[in-house]
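Biologist: Please take a close look at a single part of this model, the place where two chains meet, and describe what lies around it.

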Amino acid sequence: MNGAPVDLLREVESFVYREASLQDHHEYDAWEALWTDDGVYWIPANGDDIDPEKEMSIVYDNRSRIALRIRQFHTGIRIAQEPKSSLVRVVSNIVIADQSADTLHVKANAIIFESATRRDTIWGARYEYALRRIDGKLRMARKKVVLVNNAKALPNMAFLI
Amino acid sequence: MNQTVTRWDELIHNDGVHGSVYVDPKLYDEEIRNIWFKTWVYIGHESEVPKRHDFVMKSLGPEPIIMTRDGQGEVRLLLNRCSHRGNQVCTKQKGNASVFVCPYHAWSFGSDGRLRHMSMPDGYKDCDKSTLGLAQVPRMASYRGFVFGCFAAEGPTLEEHLGGALEVFDRLAAMSPEGEIEVTAGFLKHKVSANWKLMLENETDGYHPSFVHASIFNVAQSGIGQLYSRESAAVSRDYGNGHTECDLRPQFRKIGTPMAWFGTTEEKLPEYTRDMRKAHGEERARQIMIDGTPHVMIFPNLFIAEIQLFVLQPVAVDETIQHVTALQFKGAPELNRRLRQQTMGSVGPAGFLLADDSEIYERTHRGLTAQSPRYTFIGRGAHREVTDQDGYLTGDITDDLPSRGIWRHYRALMSAAP
């Protein structure tokens, strides 16, 4: 949306950068706190327009499953993330694509470098957020991560993306 | 012949396997020829091509296969290679097409594989089009909609190959009020840098869940941990021909509550349980819903994992793709939704279970390249194997019995090769 006020765009960018940083540094609890109570974390497979209620996705977490994912990390014996992937990501091309009364629809691109026990992997993703303001702060009601190679066979991706 | 036998006897002992059998590229090439291109291999399910001219890309080991339903309604297994110059005629994952037109020189083939048309036909004189169709997998057979292909023109039938494990498909189908399985939820493709046999063995390894999956058992309300504990009544089984099972029924019968196998109750699935009673009668429905769905590895590549279907595809000695989808039972929408949700949580690159298994596959593959010790040790429970009433070897759920069965069959196949 070209007409978004500069302040709002800056606030959105700050939110997205903070989320990226929390993921890169495995700050699980702070990341979980970014979600609304009805948050949905979705990583589709086989394209970007499948129906997650009918077809398999890589991740399709409702809020309680997001919490379970975090609890599994906290056990310290989630083998796929022990040792944890070393991560750095660049998030860019952030735009407010649409805006309704209570929701901002934000798009961004991400390039994520993962160094893992297996080998180093570069992930390319399109992010789509639905952000809502709760008690004055932006929160994620939805994050969709479209991996550009999600129609191909993918290796483990057990970190937060 | 004697020399070959000796070599495989040295590589595969009764209680251990030489590391090279997992990591040596030359042995991998041999097993592609002598196992994957000789025995029955699972390809896909008929419900993936429900309508005439539907197609879906599958594989037989490293070989891409187009599974189609032709204009007559017959399922076909076509090789993705133009009979002209060898170009791949199909690049889409799935769809509906009555003809495949090769983009190289525009030869076209029907969904039955027959050559329909050569472009600029004046250049071909006395050319027998009937010999220039797409190649087909020489033998195809299906059971309850599960389609298998075999590159060897002769040999055991599919039913002979499945042997005692044939009944597993009946058990699975009984979970549907309409007696049919559907594979309609799409596949995740999960790649691991590890040899395919590490997956083949792990699928019915009841020893690892307590450790590899402790992280999720510790934080989720899951009964799975109990199934593989020391107190569990579940058993491991070797059906022969490399097919193995974690038979969880004894433990579920001990619990004795319908739908406990799925961590739920009849009350939470009122429509499903009602329809099951209607279909099977009160008593039989109750037994089926207590027993739950099978956990069986069909050699070499089909893993029926209670609520999921895994298809193993070897790509290289150290690379395997696990194709995985939620099982869907015809006439059970209420249950199917939960099957999809639970499957998505458990499997794939970010799954609560499979990401950890896959990490272990990769570390094990790397570990097996070590110079010493050269053999694995799979002797757990060798002293307590028993023959069940049907004549199959069974043991404690945590024993290496399934692995020993897999390797007996593997050694026989590899030794028999010329």
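Biologist: How many residues does the contact take from chain A, and how many from chain B?

Modeller: The contact takes 29 residues from chain A and 33 from chain B; two residues are in contact if their C-beta atoms, placed from the backbone, lie within 7 Å. This is a predicted model, in which local features need pLDDT of at least 70 and side-chain atom pairs count only at pLDDT 80 or more, while totals for chains, interfaces and linings use all residues. Residues are numbered from 1 along each chain as its sequence is written, with chains lettered from A and ligands numbered from 1 in the order in which they are written.

On the side of chain A that touches chain B, 17 residues are nonpolar, five polar and seven charged. Here Ala, Val, Leu, Ile, Met, Phe, Trp, Tyr, Cys and Pro count as nonpolar, Asp, Glu, Lys and Arg as charged, and the others, Gly among them, as polar. Strand 2 (57-61) and helix 3 (63-74) of chain A each supply at least two residues of that side. Helices (H or I, at least four residues) and strands (E, at least two) are DSSP runs, numbered from the N terminus.

Two strands pair if DSSP finds at least two bridges between them.

The neighbour of strand 2 is strand 1 (residues 35-44) of chain A, and the two pair in the antiparallel sense over four bridges. In one of these bridges, Y41(A) has D61(A) of strand 2 as its partner.

For a local view within chain B, take L134(B), in the loop between strand 10 (115-117) and strand 11 (139-143). L134(B) counts as buried because it has 25 C-beta neighbours inside 10 Å (buried means 20 or more, exposed 12 or fewer, partly exposed in between). Not counting residues up to four places away in sequence, L134(B) touches L78(B), L79(B), S83(B), V89(B), F109(B) and G113(B). R81(B) is 53 residues from L134(B) along the chain, yet their C-alpha atoms are separated by 6.7 Å.
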